[in-house]
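Please keep the sequence and the 3D view at hand while reading.

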Amino acid sequence: MTAPAGLVYRRLRAPRADRSTLIEPPLEAFPALVGQARDALASAGATLTDVAGRSLAELRQLAVREVLAAAVAHTSAYRDVPTVVPDDASIFLAGHQPELFHTGVWFKYFVLDDLSRRHGAVAVNLLIDSDVPKQTALRLITGTPEAPRAEAVAFDRTGDARPYEERGILDRELFNSFERRALDVLRPLIPEPLLADFWPRVRARADATGNLGDAFAQARHALEGDWGLTTLELPQSAVCGGNAFRHFAAHVLAELPRFHDVFNSSLAEYREVNHVRSAAHPVPDLAAHDDFLETPFWIWTGDDPHRRPLFVARRAAGLELTDRAGLAVSLAAPSDGTAEAVVAQLAEQATRGVKLRTRALATTMFARLFVGDVFLHGIGGAKYDELTDVIIRRFFGIEPPPYLTISATLQLPIARPRVDANDLSRAQQELRELEYHPERFLDPASVDHSPKLSQLVETKRRWIATEPSPANARQRYLEITAANQGMQDWLDDYRRELASRCDSMRLALRRERLLGWREFAFCLFPEKTLRDFLLAFRANTS
């Protein structure tokens with residue numbers, strides 16, 4: 001199938017082997033990618049001259065100043081920050097939910113730090129705190145290397161679905177005891193996990209912030225500082241509190257019918273190219289209800305901290321905003337025809353507790369176009385932004401800057417015999433061959449010394465050599481089958497041995513799938529294992 005214009009299928013898969021990495025494009029191509037990104041942004045800045053009354057170039061300058069100032073203020077609340085951060089610096093970005101993610105995600109932050117140092121940029125990691133926590137327990141490993149098992153251990157009580165920005169800690173006793181309970185589970189297989197030193201940091205930040213995501217992210221980021229990383233971090237909610245973002249939002253809302261059409265048509269093409277059948281993937285279509293159109297934003301209030309899609313309808317007096325669950329906000333049309341009044345009204349609504357936040361594609365759309373020079377994605381984000389690129393081209397009429405895709409696999413350091421799925425496939429094939437071609441496995445001496453066995457082998461050979469025909473087909477089949485069955489008695493010991501080997505390999509593969517799972521939280525690993533892997537990247541590229 002020929003891909004629709006602007007979309008090309010890309011196969012991105014997580015690295016499978018222990019301590020393997022994915023960096024696409026490769027690091028040797030990164031200087032050229034940086035140049036390409038800056039050229040694309042310079043060209044876009046000259047082309048896109050009206051984003052709610054401002055040029056893209058103007059809004060990028062504003063966004064960079066706002067983000068750097070906010071990131072320095074946020075980060076300095078819990079760890080040291082670089083002494084000098086120019087307010088016009090180039091920014092390299094990454095982003096993830098503020099959760100206890102796996103080491104492959106964490107690897108991205110170490111690459112971000114290294115590349116930013118090399119290219120004179122400031123590294124900023126965005127904490128996507130508009131997302132809702134997916135779980136309140138960690139999957140741990142326990143048992144023995146021969147009989148491991150997974151066990152979920154809760155770090156907090158499950159509550160109503162609210163975004164990280166609004167998510168406190170619901171059960172402090174459960175939260176504070178997590179370290180002890182988790183270490184008891186882990187100790188048989190991982191006697192010295194990072195968790196033992198990391199969770200006291202988490203508790204301290206929980207005491208300081210009262211926020212679950214902040215506790216996780218700030219404890220991790222402070223640890224990175226101890227390991228020598230100089231990155232800054234900033235919640236996405238703070239980015240959405242800036243005026244540069246409000247110009248972006250005002251532009252999308254003013255052009256919502258066109259954005260709506262571009263979004264849904266691009267999404268349909270993405271699904272076609274990537275053979276996606278689900279209407280929910282990679283994201284749902286933007287909906288329409290009566291004269292209200294769904295936007296790429298969430299909205300909620302401090303009194304009702306549950307995110308809902310924002311819908312907007314155009315009225316003679318301006319725009320009517322709603323979450324279709326009782327919240328209604330009106331934005332008056334500016335009398336002078338400029339968008340500055342709309343931006344000011346969005347700022348005023350924020351002071352009243354109305355929170356406007358980006359959804360997935362709009363998050364990186366704003367970050368890549370208005371804030372950073374280069375964005376470092378994981379595999380999921382990279383696949384999403386194939387769609388974002390098409391929307392940027394069709395809605396803004398500019399070429400989006402390229403991005404980097406980063407991932408890694410680190411397995412828990414638990415010694416166990418390795419097994420290959422191909423070994424099991426070969427053994428299973430051999431069992432099948434025993435049934436249908438037993439003569440290939442017979443001991444020649446046994447054939448020579450057993451007239452009955454010799455007769456069975458000869459009978460099969462004769463019928464195999466007989467040309468099949470409609471007249472002899474059934475008899476030929478029955479004779480060959482009887483000969484095969486007759487030879488089985490001489491292969492019983494070998495069959496039992498081979499079947500036992502298959503059973504052992506199946507158990508070993510199940511054990512390997514569990515012990516080799518790449519998504520165990522980074523804090524379950526020993527510190528030395530993590531440092532040897534993550535910091536080796538910097539040593540190998542310096």
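Are Phe259 and Phe395 buried or exposed? Phe259 is buried, and Phe395 is buried as well. The model is a predicted one.

**The open sheet**

- An open sheet is built from six strands, and their order is S1-S14-S13-S2-S3-S6. The pairing within this sheet is mixed.
- Strand S1 (20–24) and strand S6 (232–235) are the edge strands, and each of them pairs on one side only.
- From one strand to the next, the twist averages 25°.
- Strand S13 (residues 374–377) and strand S14 (residues 403–409) run parallel and are joined by three bridges. His377 stands opposite Thr405 of S14.
- Strands of a sheet pair through backbone hydrogen bonds, in either a parallel or an antiparallel manner.

**Helices across the sheet**

- Helix H6 (residues 212–226) lies across S6 and strand S3 (122–127). H6 runs at about 170° to S6.

**The S4–S5 hairpin**

- S4 and S5 form a hairpin, with four residues between the two strands.
- The two strands, S4 and S5, run antiparallel and are joined by seven bridges. Leu138 has Val153 in S5 as its bridge partner.
- Strand S4 (residues 137–143) is mostly covered, since five of its seven residues are buried.

**The H4–H5 pair**

- H4 packs against helix H5 (residues 195–209) at an angle of about 175°, and the axes are 10 Å apart.
- Angles over 145 degrees count as roughly antiparallel, so H4 and H5 are roughly antiparallel to each other.
- On the H4 side, the residues making the contact include Arg172, Phe175, Phe178 and Leu186. On the H5 side, they include Leu195, Trp199, Val202 and Asp207.

**Aromatic pairs and the cluster**

- The count of aromatic pairs comes to 27.
- Phe155 and Phe216 form an edge-to-face pair, because their ring planes are at 85° and planes over 60 degrees apart count as edge-to-face. The ring centres of Phe155 and Phe216 are 5.4 Å apart.
- This pair links distant parts of the chain, as Phe155 and Phe216 are 61 residues apart. Phe155 is in the loop between strand S5 (148–154) and helix H4 (172–186), and Phe216 is in helix H6.
- Phe155 has a relative accessible area of 4% and is buried. Phe216 is buried too, with a relative accessible area of 3%.
- Phe259 and Phe395 also form an edge-to-face pair, at 5.0 Å centre to centre and with 85° between the planes.
- Phe259 lies in helix H9 (residues 256–273) and Phe395 in helix H12 (residues 379–396), so that pair links parts of the chain 136 residues apart.
- One aromatic cluster contains Phe259 and Phe395 together with Phe245, Phe248, Phe263, Phe297, Phe366, Phe370 and Phe396.

**Charges over rings**

- Arg324 has its charged end over the ring of Phe311, at 5.4 Å from the ring centre.
- Arg359 lies over the face of Trp298, and the distance to the ring centre is 4.7 Å.

**Two buried residues**

- Thr405 is part of strand S14. Its relative accessibility is 0%, so Thr405 counts as buried.
- Leaving aside neighbours within four places in sequence, the contacts of Thr405 include Arg10, Leu12, Leu22, His377 and Ala382.
- Val239 is found in helix H7 (residues 236–239). With a relative accessible area of 7%, Val239 is buried.
- Not counting residues up to four places away in sequence, Val239 touches Val67, Leu126, Leu234, Phe245 and Phe366. Two of these, Phe245 and Phe366, belong to the aromatic cluster.
- Val239 and Arg357 are 118 residues apart along the chain, and their C-alpha atoms are separated by 9.0 Å.

Definitions and conventions. Residues numbered from 1 in each chain as written. Predicted model: local features only at pLDDT ≥ 70, side-chain atom pairs only at ≥ 80, totals over all residues. Heavy atoms only, no water. Pairing = 2+ DSSP bridges. Axes fitted to C-alpha atoms, helices over the stretch in contact; angles between N-to-C directions. Contact = heavy atoms within 4.5 Å. Phe/Tyr/Trp six-rings, centres within 6.5 Å; stacked < 30°, edge-to-face > 60°. Buried < 20%, exposed > 50% of the residue type's maximum accessible area, 1.4 Å probe, protein only. Lys NZ or Arg CZ within 6 Å of the ring centre and 35° of its normal. Parallel < 35°, antiparallel > 145°, perpendicular 65-115°, else oblique.
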